[in-house]
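Student: I would like to learn how to read cavities and salt bridges in a model. Please take me through them.

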Amino acid sequence: MPRTSDYLTLHFLVFLWGFTAILGVLISIPSVEMVFYRTLLAAIGLGVLILSVKGSFKVTGNDFVKLLLTGFIVGVHWITFFASAKVSNVSVSLVGFATASLWSAFLEPWSHRMKVRPLEIFLGIVVLIGLYIIFYFDFKYPLGLLLGVASGLTAAIFSIINARFVKRIDRYTITFYEMIGGCIFTALFFPVYKIYFAEDGVLQLNPIAMDWVYILILALVCSVYAYSRMVSLLKTMSVFIIQLTLNLEPVYGIIMAVILFGQKEKMSINFYVGTVIILCSVILYPVLKKRFGRLG
């Protein structure tokens with residue numbers, strides 16, 4: 001059973017990830033190159049951390065392959081998330097990402113060969129309604145929406161996979177190999193990206209000085225610390241409650257954007273209505289789960 005400290009930690013991690021949207025705007029290089037450096041520096045940081053705490057890099061050959069492939073999924077998640085915002089806008093990207101809780105409601109029971117839980121599906125839909133109210137948009141950006149939904153789907157998939165890994169492998173070891181997997185995937189994707197997607201067919205692998213500062217924050221704080229800590233929470237919390245709470249990421253992100261960028265980020269009444277709906281869903285989940293456990 002999750003403790004109060006687990007819920008507080010979860011919200012702090014979501015707050016950190018809300019900051020990634022701001023970092024994504026501040027970093028000048030494209031999303032694919034950004035993810036390459038993020039995963040590379042995160043893997044290096046984790047390697048140093050594991051050595052410093054005398055942890056273990058040892059995993060079975062089978063687990064090694066599975067962790068790297070899961071890292072591929074993480075890489076796809078980050079690339080699609082940032083790319084969605086760049087080809088459309090942040091709102092479209094976050095609405096697409098918000099489908100993660102709904103994907104989890106279907107995929108987690110299926111992965112455990114259990115029936116789909118009506119309560120979780122209902123609350124996932126409620127969260128989507130809240131986010132739709134906050135980020136009301138027209139359909140000028142079908143590609144952006146598709147990429148955002150892909151980001152949500154991949155987030156649900158690797159969270160479900162990690163929920164199994166964390167039962168027998170240290171969280172830092174899991175994150176280390178998955179960051180390597182994400183870096184390898186991004187590097188393998190470079191040739192295709194360069195031909196079909198990169199501006200003028202050129203990779204932008206020379207970040208400016210401030211880019212390095214932001215990428216280091218993204219890699220060490222938002223990836224090494226936050227990602228490995230989130231993996232450890234999977235020991236006591238379901239994938240769905242984590243994904244449901246992650247839907248507060250855009251809320252926290254916008255609040256920080258208002259503080260940093262002022263009037264440019266002024267929010268409408270829709271924001272407050274949607275925020276109340278999302279908060280109610282997150283707060284009510286443990287209560288409803290306890291009262292209607294057979295539905296949750």
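**Cavity and salt bridges**

Tutor: The lining of the largest cavity has 13 nonpolar, five polar and two charged residues. Ala, Val, Leu, Ile, Met, Phe, Trp, Tyr, Cys and Pro count as nonpolar, Asp, Glu, Lys and Arg as charged, and the others, Gly among them, as polar. This is a predicted model: local features need pLDDT of at least 70, side-chain atom pairs count only at pLDDT 80 or more, and totals for chains, interfaces and linings use all residues. Residues are numbered from 1 along each chain as its sequence is written, and side-chain values use heavy atoms, with hydrogens and water left out.

Student: Which residues lie nearest the centre of the largest cavity?

Tutor: Rolling a probe the size of a water molecule over the atoms shows where empty space is left. Here, Trp-17, His-77, Trp-78, Phe-158 and Leu-246 lie nearest the centre, out of 20 lining residues. A cavity is a set of points on a 1 Å grid over the protein atoms alone where a 1.4 Å probe fits but cannot get out, and lining residues have an atom within 4 Å of a point.

Student: How many salt bridges does the structure hold?

Tutor: A salt bridge is a side-chain nitrogen of Lys or Arg within 4 Å of a carboxyl oxygen of Asp or Glu. The structure holds two. In one, Asp-63 pairs with Arg-168, with the closest N and O atoms 2.6 Å apart. Asp-63 lies in helix H3 and Arg-168 in the loop between H7 and H8, so the pair ties together parts that are 105 residues apart in sequence. Helices are DSSP runs (H or I, at least four residues), numbered from the N terminus.

Methods: On a 1 Å grid over the protein atoms alone, a cavity is a set of points where a 1.4 Å probe fits but cannot get out, and a pocket is an open set with protein on both sides within 12 Å along at least five of seven lines; lining residues have an atom within 4 Å of a point. Helices (H or I, at least four residues) and strands (E, at least two) are DSSP runs, numbered from the N terminus.
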